[in-house]
Amino acid sequence: MTTPEPPGAAGCPVAHGTGLPGGLPVGVPLTPLYGPAVAEDPHGLYARLRERYGPVAPIELEPGVEAWLVLGYAELLELTRNEALFSKDSRRWRVPAEGRLAADSRLLPMTSWRPTLLNLDGAEHQRLRCAVSDTLAQIDHRQLRGTTEAAANGLIDGWGPDGTADLVAQYARRLPLLVFTQLLGLPADAGPHLIRLIHHIADSGAESVRANQEFQAVLVDLVRRRRATPSADLTSWLLAHPAALTDEEAVHHLVVMMVAGNETTICWTGNTLRLLLTDRRFRATLTGGRLTVSDALEEVLWRDPPTQNFPGRWATGDTVLGGQYISAGDMLVLGLAAANADPAAQGVSAAAQGSLGGNRAHLAWGAGRHVCPAQHPARIIVETAVETLLHRLPDLQLAVPAGELTWRPSPWSRALTALPVLYSAFTPPRPPAPERPAWTPPPTPEPAPSPSDSTPSAATSTARTPDSARPAPRSWWSSLAGWWSGR
C-alpha cells in the first residue's frame, strides 16, 4: 500500500496548483458534474477529465461541494473491493461535518445516511443484503415475464391510431411502475404519482427533498398495512425474513428497490430502444437479424449504462488512489460509464469493432460486495419490454433525427427526455399458449348400433358459439393502462 503524503510533498502527484485540505486541487475551477455538460456529452466530459487528471479526477457536485470521480476501471474495482479504506457510510463525509452542505441541498436524497444495505459495511450490510436478495429470489420469473408482457401490451393498446408515440413518456416511464406496484403490493393507481417523485429524487433537482419525504410517507403506510395483513408480495416477504427488519429498515429498503429498480429499468429500456433505432448494426434486429435484443441490452450496459455515476464511497483515512492524494472524509463517486469506457478495460480490438455485446465484464451493476442484487429481475423486465414492443410494432422508426434526441440533466442517471417514434400498424398480441389437457385413458369402445335401432340422441347442451371456445383474456392490464393514458 502506498503511504500517502500531503499534496506537494516529494513524490506525491498533484493535478495542478496547490491542494485543499482534502487533497482536491485549487487554481482552476472544479469541473461540475451537473448541468448541460453531463447531459449533452458525458463521454466527452469523462474523456477530458481522464486526459487531464488520469483515472481519478476532482469534480464539483454542486457549487462549493467537491468530490472525486473515479474514471479508471482498475481504480473503480479497487475502490469497491476495499471497505477498510473506502466505506459506504456517508456519515464519514467531511463536507456536511464542516457545515458546508446546505440543509436543502439537492444531494441529500442521494447521499444521506439510511439504515440500508447501500450505506453499511461488514456484518450489518451482509444481514440486510441477505434479506433483500432472499426477498427478490422469491419472484417467479415466468410470472414476472408474463406480467411485464401483459402490462406492455396494455400500454401499446392504449396508443391512438395516428401511428405516433413517445417511447419514454408513454412506455419506458410507465411500464416498470405497472410491474413494481404489483410486486410490492401498492395500489396500481399510485403509479403516476410515484413516477414523478422518483424522477425528482434521481435527478437531484429542486424538488428532490420534498419528493423524497413524500415518497417515504407512501411506503411507511404500505409497511404498516403489510405488517398487519401480509400478502404474497415483496413487502410482505421482506417483513417476514429471518433478518427481522424493523419498520424503518423495511421502508428504507423499499425506497432503495423502488428508486434504484424503477429508475434503472426506465433508463435501460429507453437507451436500448434508442440503440436499436439508431445503430445500423442493430437495425437488423427488428427483422430477426444476427444481433439480438440481448446483445443490445449488453451494449447499452457498456456504452450508456442507466446509472452513469453513483454515490459513493467515503475515505476512512488518508490514502492514494489513481495517483491522487485522498484525505479522510473525502467523497468518491463511482464513474460507472467512465470506467466502462476506460481504454484499458475495453481493449483496442473491441473498441475498434464498436461492439461489446458478448462481454459482461462491465461495471454497470457496480462491483464488490455491494454489486446490485436485482440484476436478473431487471433484465427480465427490460428484455420483455423491448421484445414485446418490437413484436407489436415491427416497422418502428424514429420520428426525429437521432441528433435531436436530448437527455435529462442528471449527474446519476443516463436517461432520454423523449423518444418519439412512428409506426404504421399494430401486430396483434401473441395468443396465449393453449392449455394442455390432463391425460386420461381412452374409453373402451362400444359396439356400433345397427342402423335399425339407432335413434337421434337428445341434445345435452346448447350449441357453442364461435367465441365460446375459451374465456376472454383478463382485461385488467388493458383497463389500467387505458386509465393511466386518460381514456
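Predicted model: local features only at pLDDT ≥ 70, side-chain atom pairs only at ≥ 80, totals over all residues.
Arginine 145 is partly exposed, with a relative accessible area of 31%, whereas glutamate 383 counts as buried at 15%; buried here means under 20% relative accessible area, exposed means over 50%, and partly exposed lies in between, with a 1.4 Å probe and protein chains only.

Residues are numbered from 1 along each chain as its sequence is written, and side-chain values use heavy atoms, with hydrogens and water left out.

Now the overall picture. The protein has 20 helices and 11 strands, where helices (H or I, at least four residues) and strands (E, at least two) are DSSP runs numbered from the N terminus. Of the 487 residues in the protein, 51% are buried. If we take the contacts with a separation of 6 or more, 72% of them are between residues 24 or more positions apart, a contact being heavy atoms within 4.5 Å. The protein exposes about 22,600 Å², and carbon and sulfur atoms supply 56% of that area, as computed by the Shrake-Rupley method with a 1.4 Å probe, where for residues only the protein chains shown count as cover.

Let me return to helix α19, which covers residues 375–392.

Arginine 379 has a side chain joined to that of glutamate 298 by a polar contact of 2.5 Å. A polar contact is a pair of N or O atoms within 3.5 Å, where within protein one must be able to donate a hydrogen and the other to accept it, and residues adjacent in sequence count only if both atoms are side-chain atoms. Glutamate 298 sits in helix α15 (residues 293–303) and is buried, at 1% relative accessibility.

Back to the salt bridges, of which the structure holds 23. Arginine 50 pairs with aspartate 342, their closest N and O atoms being 3.9 Å apart, and this joins helix α2 (residues 42–53) to the loop between α16 (336–340) and α17 (343–346), 292 residues apart. Arginine 50 is buried at 19%, and aspartate 342 is buried at 10%. Another salt bridge, 2.7 Å from N to O, brings together the side chains of arginine 127 and glutamate 249; arginine 127 lies in helix α6 (residues 122–137) and glutamate 249 in helix α13 (residues 247–278), so the pair ties together parts 122 residues apart in sequence. Here arginine 127 is partly exposed at 24%, while glutamate 249 is buried at 10%. There is also a network of salt bridges that links Glu66, Arg94, Glu98, Arg100 and Asp330.

Turning to strands, there is an open sheet of 3 strands in the order β5-β11-β10, with antiparallel pairing. Its edge strands, each pairing on one side only, are β5 (164–166) and β10 (397–398). Two strands pair if DSSP finds at least two bridges between them, and 2 bridges join β10 to β11 (residues 420–422). Which residue of β11 is the bridge partner of glutamine 397? The partner is leucine 422.

I will finish with two details of the backbone. Most residues other than glycine have a negative phi, and most peptide bonds are trans. Alanine 244, however, has a positive phi of about 55° although it is not a glycine; this alanine 244 lies in the loop between α12 (234–240) and α13, and counts as exposed at 54% relative accessibility. Proline 311 and glycine 312 are joined by a cis peptide bond with omega about -20°, and glycine 312 is found in strand β6 (residues 310–315).

Technical notes:
Expected span 1.5 Å × (residues − 1). Salt bridge = Lys/Arg side-chain N within 4 Å of Asp/Glu carboxyl O.
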